Amino acid sequence: MLWIELAMSTITLYSIWLVCYGRLLPGISLGILLQFFWITLWIVTDQAGIVLLDLGILCVYVKRIYDLRYCDG
């Protein structure tokens, strides 16, 4: 389990790095995918308290994708 969490954390950091350095669409898309993985992990391991936080982060990613597609240009 530790290796799964370390791998997912590393990929999550890469997603954040992409967003910070201007690669918005790939970074946000990767972030959305990872949030689904994180939420699944928390549900499977019965750590439901963290699910609410990850659902909130997922909403932020989805809103940014919407803004990029329909509002920013």
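1. The model is predicted: local features need pLDDT of at least 70, side-chain atom pairs count only at pLDDT 80 or more, and totals for chains, interfaces and linings use all residues. Residues are numbered from 1 along each chain as its sequence is written, and side-chain values use heavy atoms, with hydrogens and water left out.

2. Helix H2 covers residues 24-44 and helix H3 residues 49-71; helices are DSSP runs (H or I, at least four residues) numbered from the N terminus.

3. The axes of H2 and H3 come within 9 Å and cross at roughly 160°. These axes are lines fitted to C-alpha atoms over the stretch in contact, with angles from 0 to 180 degrees between N-to-C directions. H2 is therefore roughly antiparallel to H3 (an angle over 145 degrees).

4. Contact means heavy atoms within 4.5 Å. Among the residues making the contact are Leu25, Ile32 and Trp42 of H2 and Val51, Leu58 and Arg64 of H3.

5. Buried residues of H2 (under 20% relative accessible area) include Gly27, Gly31, Leu34 and Trp38. Their cover includes helix H1 (2-20) and H3.

6. Thr12 lies in helix H1 and is buried, with a relative accessible area of 16%. Not counting residues up to four places away in sequence, Thr12 touches Leu34 and Trp38.

7. Just after H2, Asp46 takes a positive phi of about 60°.

Key. Helices (H or I, at least four residues) and strands (E, at least two) are DSSP runs, numbered from the N terminus. Angles under 35 degrees count as roughly parallel, over 145 as roughly antiparallel, 65 to 115 as roughly perpendicular and the rest as oblique. Buried means under 20% relative accessible area, exposed over 50%, partly exposed in between (1.4 Å probe, protein chains only).
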